[in-house]
Amino acid sequence: MAQELEGGTVHARCEEIDGNSRMAGGMNPREYSTRPRAGPTGETVGEVMAAAARLGSDGRGRFFAPSSLQSWPGIVHGGGLVALLDTAARSLGGDAHPRRLEGRLTSSVPLETALDLDGHADGGAVTVTIVESGQPLTSVTISPGAALTTDPIEPAGPGGRLDGREGWPLPFSDQCLACGAHNPLGLQLGLRFDPDGVWARFVPRAPWRGPGGRLDPALPAVLLDEMAWWLGALVTKEGGLTNRIDLTLSRPDAVAPGPLTAIGRFDAVAPIDRRRTFWRTHSALLAADGTVLATAAIVFRAGADYSTRQMAFFRSRTDPEIFARMFPNYAG
């Protein structure tokens with residue numbers, strides 16, 4: 001979902017949450033339900049991302065994200081940002097082989113705004129940064145290698161199956177790139193949760209497949225970032241933002257004809273600071289036969305300030321009994 005800097009230093013424009021209206025500030029159900037002004041027709045997510053993030057061989061480029069790539073109103077989806085900069089890195093030698101993506105989402109990135117890209121290669125790694133008026137907003141470093149960022153997460157049941165696991169549905173939005181029910185480009189993903197964790201079992205839509213039915217490499221970044229938000233929110237019982245994404249694409253060009261499984265466990269979510277503000281989550285994406293396609297270790301920042309901006313939306317779209325399980329402190 002949205003992003004904010006991890007740690008004690010924030011971007012000069014942010015001044016914590018109240019200083020940047022793009023970070024879920026002033027959010028309400030009506031605004032979040034607004035449809036994009038011009039949704040894509042017949043485009044794939046790969047085509048849209050390639051057009052949004054263009055980087056020349058000299059390391060300079062331009063960034064302009066359409067509204068179909070949103071998370072919260074007005075800003076680009078956090079996992080989508082990682083995927084966008086991974087796409088741009090191809091101009092500097094990045095490739096489609098197994099790789100690790102380390103995203104530092106320093107500040108939210110606005111939709112439909114012309115921004116600069118800066119990229120450079122250092123040894124085998126490529127780093128691409130989105131810049132606004134000389135200030136970095138977010139960056140991703142892409143490194144070769146297939147080492148997993150976390151141990152594979154085994155779902156309930158062998159082979160990546162979720163037999164007999166039902167749980168409760170998490171709310172959809174309208175236009176989010178991951179969970180937007182009406183975003184024609186989106187995953188339109190329905191996540192579920194139970195006392196053990198969060199998961200989804202789904203067949204990717206046509207915009208998320210390339211030639212030969214191969215999965216678009218953007219899918220794990222968008223999906224697992226969405227998973228991480230809910231893992232963090234349901235453990236802390238607060239709203240929040242994701243801001244560090246460490247993703248390993250073990251099989252970025254996989255052909256996966258059957259349903260995919262994405263899963264994360266609550267017992268793998270742990271605080272990483274003394275104030276228990278930042279929480280590291282772990283999740284994985286598996287093929288129908290249980291093959292691990294991608295893993296992620298993503299940091300979620302929780303806080304009551306975020307909840308005051310986000311809870312009205314979730315309450316309006318969730319059965320009261322389910323909402324009380326999700327956020328008991330805000331169910332009254």
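Biologist: Which hand does the crossing of H3 and H4 have?
Modeller: The crossing of H3 and H4 is right-handed, a term used when the near helix is turned clockwise from the far one by less than a right angle, with anticlockwise giving left-handed. This is a predicted model, where local features need pLDDT of at least 70 and side-chain atom pairs count only at pLDDT 80 or more, while totals for chains, interfaces and linings use all residues. Residues are numbered from 1 along each chain as its sequence is written, and side-chain values use heavy atoms, with hydrogens and water left out.

Biologist: Where are H3 and H4, and what is their crossing angle?
Modeller: H3 covers residues 78-88 and H4 covers residues 218-236. Their axes come within 7 Å and cross at roughly 160°. Helices (H or I, at least four residues) and strands (E, at least two) are DSSP runs numbered from the N terminus. Axes are lines fitted to C-alpha atoms, for helices over the stretch in contact, and angles run from 0 to 180 degrees between N-to-C directions.

Biologist: So parallel or antiparallel?
Modeller: Roughly antiparallel. That word is for angles over 145 degrees; under 35 is roughly parallel, 65 to 115 roughly perpendicular, and the rest oblique.

Biologist: Which residues make that contact?
Modeller: From H3, Gly78, Gly79, Gly80, Val82 and Ala83; from H4, Ala218, Ala221, Val222 and Asp225. Contact means heavy atoms within 4.5 Å. The residues of the contact of H3 with H4 are five nonpolar, three polar and one charged. Ala, Val, Leu, Ile, Met, Phe, Trp, Tyr, Cys and Pro count as nonpolar, Asp, Glu, Lys and Arg as charged, and the others, Gly among them, as polar.

Biologist: What about H2 against H3, at what angle do they pack?
Modeller: H2 (residues 45-52) packs on H3 at about 70°, with the axes 9 Å apart. H2 is therefore roughly perpendicular to H3. Met49, Ala50 and Ala52 of H2 meet Gly80, Ala83, Leu84 and Thr87 of H3. The contact of H2 with H3 has five nonpolar residues, two polar and no charged.

Biologist: Switching to the core. Which residues touch the most other members?
Modeller: In the largest nonpolar core, which has 88 residues, they are Phe63, Leu69, Val198, Leu223 and Trp230. H4 supplies the largest share of this core, 13 residues. A second, separate core of five residues includes Trp199, Ile263, Leu286 and Val292. A nonpolar core is a set of buried Ala, Val, Leu, Ile, Met, Phe, Trp, Tyr and Cys residues joined through side-chain atoms within 4.5 Å. Buried means under 20% relative accessible area, exposed over 50%, and partly exposed in between (1.4 Å probe, protein chains only).

Biologist: And Ile245, buried or exposed?
Modeller: Ile245 is buried, at 2% relative accessibility. Ile245 sits in strand E10 (residues 240-249). Not counting residues up to four places away in sequence, Ile245 touches residues including Gly78, Gly79, Val82 and Asp225. Its C-alpha is 6.6 Å from that of Val299, 54 residues apart along the chain.

Biologist: Which loop holds Ser133?
Modeller: The loop between E5 and E6. Ser133 is exposed at 73% relative accessible area and has a positive phi of about 50° although it is not a glycine. Most residues other than glycine have a negative phi. Gly134 is found in the loop between E5 (125-132) and E6 (135-144), and Gly134 is exposed at 61%.

Biologist: What is phi at Arg276?
Modeller: Near 55°, a positive value in a residue other than glycine. Arg276 lies in the loop between E12 (270-271) and E13 (278-286).
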